[in-house]
Each structure stands twice: as C-alpha cells, then as structure tokens.
Amino acid sequence: MADKLHFSLVSPEAELFAGDVDQVDVPGSEGDLGIYPNHSPLMAAIRTGAITVYNDGVETKYFVQGGFADVTPAGLTVLAEKASLLSDVDGEAVKADIDAATKALADMEGEAALAMQQNLDGLKALLA
Amino acid sequence: MASLKDLQNRIKSVKNTQKITKAMQMVAAAKLRKAQDAAEKSRPYSERIGNVISNLAASMTGAGDAPELLVGNGKSDTVLLVIATADRGLCGGFNTNIVRKAREEIVALEQAGKTVKLFLIGKKGYDQLNRLYDDRVVEYISLKEERKLHAGIAQRIGEQITGMFERGEFDICKLVFAEFQNVMTQNAVAKTLIPAIADLTEDAAPEAETAGPDLDGAIYTYEPDEAGILRVLLPRNINTQIFTALLENSAGEMGSKMTAMDNATRNAGDMIDKLTLTFNRTRQAQITSELIEIISGAEAL
C-alpha cells in the first residue's frame, strides 16, 4: 500500500486542513520543498507563496504568508501566520499588502529587508 | 404610601429594564458561542507552536548564542505587565477580577523592589488601573473599534512589545488575562511571555520528557539554522499567546455577561412580582375604602 503523509495546515484563526495526502509542496525560505511520506524530521521557515497539496491526483493550492513547516514521523504540520485557499484570495487585498510591503521595505535593511523582499516577491507572484 | 399611578410607572420601568437585560443576555449568548468557537479554532496553532518551541529550546539551552527572547537578558529589574480586560462593562465581576489579579502582581513586584510598567489592553482595565497607577501606564490600547478579533491585532500588539524589549525598556514581560474555564468561571491568571523559557519550565517541565516527538533516533534538520528559526519563531509565539489570551478574554467576557444579565433579568422578574402585589393590595384597599364610604353614606340616610 502506498504510504500517505498526514498533513495539517493551521493558522492562528483556524485549522484549514487536516488529513492524509500523497505529497505537499511547501515554499521554504531557502527554496521550495516537496514533502513526501516518511520524510526525515525537518523544521523549515516558509516564505510567502502557495502550498500545493497532491492527493489522489487532485491538486489543492493554499496561499500562506510567513510561518513554519514542521516534519515529524507523525506527519507534516504547517504553522502559517496567514493562510487561505488560493481561490479565496482577494486581488485587491493583495495589492494593498504589496503597497504596504513596498513601503516597509524602503526603511529596512539587512536580514529584515531580505525577508520583506521575499514576502513582496511572493505577493507579486500571486497576482501574476 | 405610593399612589397607584406611581406603582404603575415603576412596574412599567422595571419591565422595560427586564426587556433590555434579556436582550443583552441573548446577544451575549450568541456572541459567546462565536467566541468559544474562535478560541477553539486557535488552539491547534498555539499548542503546536508551544511544542515546537519546547523542542527547540531543549536543543538550544546551554548554547551561548540563545536569543534573549528565549532566555531573558539576565536582569529582572523592570517588569512589563500586559493586562488584557474587556472594553465594555455590565459583565459582572469579570474586569474587576482581572484588575484585582493585576494589582496583586503589582504590589508583590513592587515589594520585591522591581519597577513595574503597565501595558493596558481594554478600556475597563484602563479606567480602573489608570486611577491608581497612572504614572506606570506606558501604553493603552482599546479594541473597541475592532469588530472582530483577528490575528493582526495580536500581531500589532506583539510587535510593539518585542520592540520595547529590544530597546531595553523592560526585562521581563507578564501577561494578565482571564482564562476561560466555562460560562460560570473565568480565572484571572498571570503568564510570563518574556523570557519564553520561564514559562516552559513552569508549565511544561513534567511533560517535557514525553512532549518531544518520537523521531526514531533521527535528527531534526533545520532550515535555516536553529537560531534563525528561533529568531522568527519567538516573536510569533508572543503574538500567538496574546491572541489566545484575547480570545479567551472575549469568551470569558461574554460568558460573564450572560450570567450577569441572566441574574439581572431574574431580579427584575422578582421585583415586578413584588410591585404587582403591592399594586393589587393598594388597589383593593382603595376599593374597600370607597365601598365603606358609599355604604356608610347610604346608612346615614
């Protein structure tokens, strides 16, 4: 039998998804990660972008902003600062976020600026 | 003795009051359900983030470069108390209980020779504490304008607190709020936010051995490194704890309001009964005396 990965996506406001899936693609801060069942324990920061969940040939995409992916033998948990179904994302709200991020980026430097740039890129990619 | 007209007016006014308290009780009940729901939904996130931090903390302790948010800055001279109360009254002893807990903390800390700074969330706590400790209040936020509690509010507050910590404005941060147990009981508690490790050793020590996930001997990979993750995770943990506290508070406020308004409705009912009795007695007395007048008038003829 093909192994399944237990995946849960939680944001401070709700648990968006919990269940067994085939594969999850996570946008890590250092690069995208594809998590399959029986992945070795991993803790990764995530950047703004889309999480893709593959299950029985069906793809579901979630938008996440900031947070962590935590892989244990029990499964994958994504703790996202903000998360929603990609199809629910409101273009206007994203534009507002982009403006805010651009402004914030202007008076940041060093690592914080890098993180903000990543955030901004993720948001822009979302609109494209 | 009150005239019939006066009694009638009293009864009418009490009835109106009863209608209001009854409506408030029903509104509170509906809001309570929503607030409880929100509190429940936020629980998985805060539980997991707590687990992750205790895992990381275990591997970081002893390392020289552990972040200050986790282990503290080595001092404990200035304590920031973040006190979360409701923005509205008419909810029984809810706010008073939180304020009492806060005052106990303040008195204990000041006796120990610490400097206390207050960060107040919610109008009612501000009203009560500002009168006593107005020189110690450094910040006051009212959430009255917010229609719904969302993570963004907690994030804003959390960022403000972390910023103050980084500027060295305080050494230890404690959060005072009411833990929601059920509709009848809310316990005012004080929880240490910074350093995060104090809270872990207080609460999680007995279960720490079992809390770590069973990795089958595998080693965690961190991306970026542990320190990098902790640097992002710790402020987030503070935001989460504040958010949880706010949610628990709002559930507690509604529960407390529901109980208080239920009592008020019942009291109004009792009062109406009593007034109606007096009203009927007075009316009968009046009729009797009128009859006596008529009869004695007829007899005199």
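Strand 1 (residues 5-11) of chain A pairs with strand 8 of chain A in the parallel sense, over 4 bridges. Strands here are DSSP runs (E, at least two residues), numbered from the N terminus. Two strands pair if DSSP finds at least two bridges between them. Within this pairing, A:Ser8 has A:Thr77 of strand 8 as its bridge partner.

The model is predicted: local features need pLDDT of at least 70, side-chain atom pairs count only at pLDDT 80 or more, and totals for chains, interfaces and linings use all residues. Residues are numbered from 1 along each chain as its sequence is written, while chains are lettered from A and ligands numbered from 1 in the order in which they are written.

Strand 8 of chain A also pairs with strand 7 (residues 58-72), in the antiparallel sense, over 10 bridges. Here A:Leu79 of strand 8 is the bridge partner of A:Phe68. A hairpin of 2 residues joins strand 7 to strand 8. Of the 11 residues of strand 8 (residues 75-85), 8 are buried, so the strand is largely enclosed by the rest of the structure. A residue is buried if 20 or more other C-beta atoms, placed from the backbone, lie within 10 Å of its own.

The domain assignment divides chain A into domain 1 (5-86) and domain 2 (90-127). Such bounds come from an automatic or database assignment. The C-alpha centres of the two domains lie 21 Å apart. Across the boundary, 6 residues of domain 1 are in contact with 6 residues of domain 2. The side of domain 1 that touches domain 2 has 1 nonpolar, 4 polar and 1 charged residues. Contact requires C-beta atoms, placed from the backbone, within 7 Å. Ala, Val, Leu, Ile, Met, Phe, Trp, Tyr, Cys and Pro count as nonpolar, Asp, Glu, Lys and Arg as charged, and the others, Gly among them, as polar.

Definitions and conventions:
Two residues are in contact if their C-beta atoms, placed from the backbone, lie within 7 Å. A residue is buried if 20 or more other C-beta atoms lie within 10 Å of its own, exposed if 12 or fewer, and partly exposed in between; C-beta atoms are placed from the backbone.
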